[in-house]
Amino acid sequence: ASPGVVAFASDPHLKEGQQIKFSAINAQNNSTAMTTSDVFTVRNPATNSFELFLEDGTTSANVDAFVAAGNVTHGVVVLSSVNGTFSAGEVIRNDD
């Protein structure tokens with residue numbers, strides 16, 4: 001399916017544009033095995049599901065084979081002593 005839809009038994013509280021990984025994954029994107037190091041973007045989150053997009057956030061994941069997946073993992077950023085303001089859609093990056 002393109003985009004792939006990830007469904008949950010309960011609300012995972014993910015946000016639009018949030019980037020995630022899977023702790024375990026047995027699935028394919030365009031006939032290529034997905035791995036735990038692949039980064040995906042949450043799009044159109046609902047109470048118990050979201051659409052799966054690639055890291056760029058604009059290319060949908062074409063999940064053409066799915067067996068199982070583990071937990072969704074994501075990072076959390078805590079900022080302090082911020083000068084200025086944030087704009088809607090602004091992104092915090094670590095380009096190391």
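Leaving aside neighbours within four places in sequence, threonine 41 is in contact (heavy atoms within 4.5 Å) with Gly17, Gln18, Gln19, Glu51, Leu52, Phe53, Leu54, Glu55 and Gly57. This is a predicted model, in which local features need pLDDT of at least 70 and side-chain atom pairs count only at pLDDT 80 or more, while totals for chains, interfaces and linings use all residues. Residues are numbered from 1 along each chain as its sequence is written, and side-chain values use heavy atoms, with hydrogens and water left out.

Threonine 41 sits in strand β5, where strands (E, at least two residues) and helices (H or I, at least four) are DSSP runs numbered from the N terminus. It counts as buried because its relative accessibility is 4%; buried means under 20% relative accessible area, exposed over 50%, and partly exposed in between, with a 1.4 Å probe and protein chains only. Its side chain makes polar contacts, that is, pairs of N or O atoms within 3.5 Å in which, within protein, one atom must be able to donate a hydrogen and the other to accept it, and residues adjacent in sequence count only if both atoms are side-chain atoms.

| Side chain | Backbone atom | Distance |
|---|---|---|
| Threonine 41 | oxygen of leucine 54 | 2.9 Å |
| Threonine 41 | oxygen of glutamate 55 | 3.3 Å |
| Aspartate 11 | nitrogen of histidine 13 | 2.8 Å |

Aspartate 11 lies in the loop between β1 (4-7) and β2 (19-22), and it is partly exposed because its relative accessible area is 32%. Apart from neighbours within four places in sequence, aspartate 11 is in contact with Ala46, Thr47 and Asn48. The C-alpha atoms of aspartate 11 and alanine 46 are separated by 8.1 Å, although these residues are 35 apart along the chain.

The structure holds 1 salt bridge, a term for a side-chain nitrogen of Lys or Arg within 4 Å of a carboxyl oxygen of Asp or Glu. In it the side chains of glutamate 16 and arginine 43 meet at 2.8 Å, N to O. The pair links distant parts of the chain, since glutamate 16 is in the loop between β1 and β2 and arginine 43 is in strand β5, 27 residues apart. Glutamate 16 counts as partly exposed because its relative accessibility is 44%, and arginine 43 also counts as partly exposed, at 24%.

The largest nonpolar core has 14 residues, of which Leu14, Ile20, Phe22, Met34, Phe40, Phe50 and Leu52 touch the most other members. The elements giving two or more residues to this core are β2, β3 (25-29), β5 (40-43) and β6 (49-54). Such a core is a set of buried Ala, Val, Leu, Ile, Met, Phe, Trp, Tyr and Cys residues joined through side-chain atoms within 4.5 Å. Not counting residues up to four places away in sequence, methionine 34 touches Ile25, Ala27, Gln28, Asn29, Phe40 and Leu52.

As for the whole protein, it has 0 helices and 8 strands, and its C-alpha trace spans about 45 × 30 × 20 Å along the principal axes. Of its 96 residues, 21% count as buried. Among contacts between residues at least 6 apart in sequence, 61% join residues at least 24 apart.
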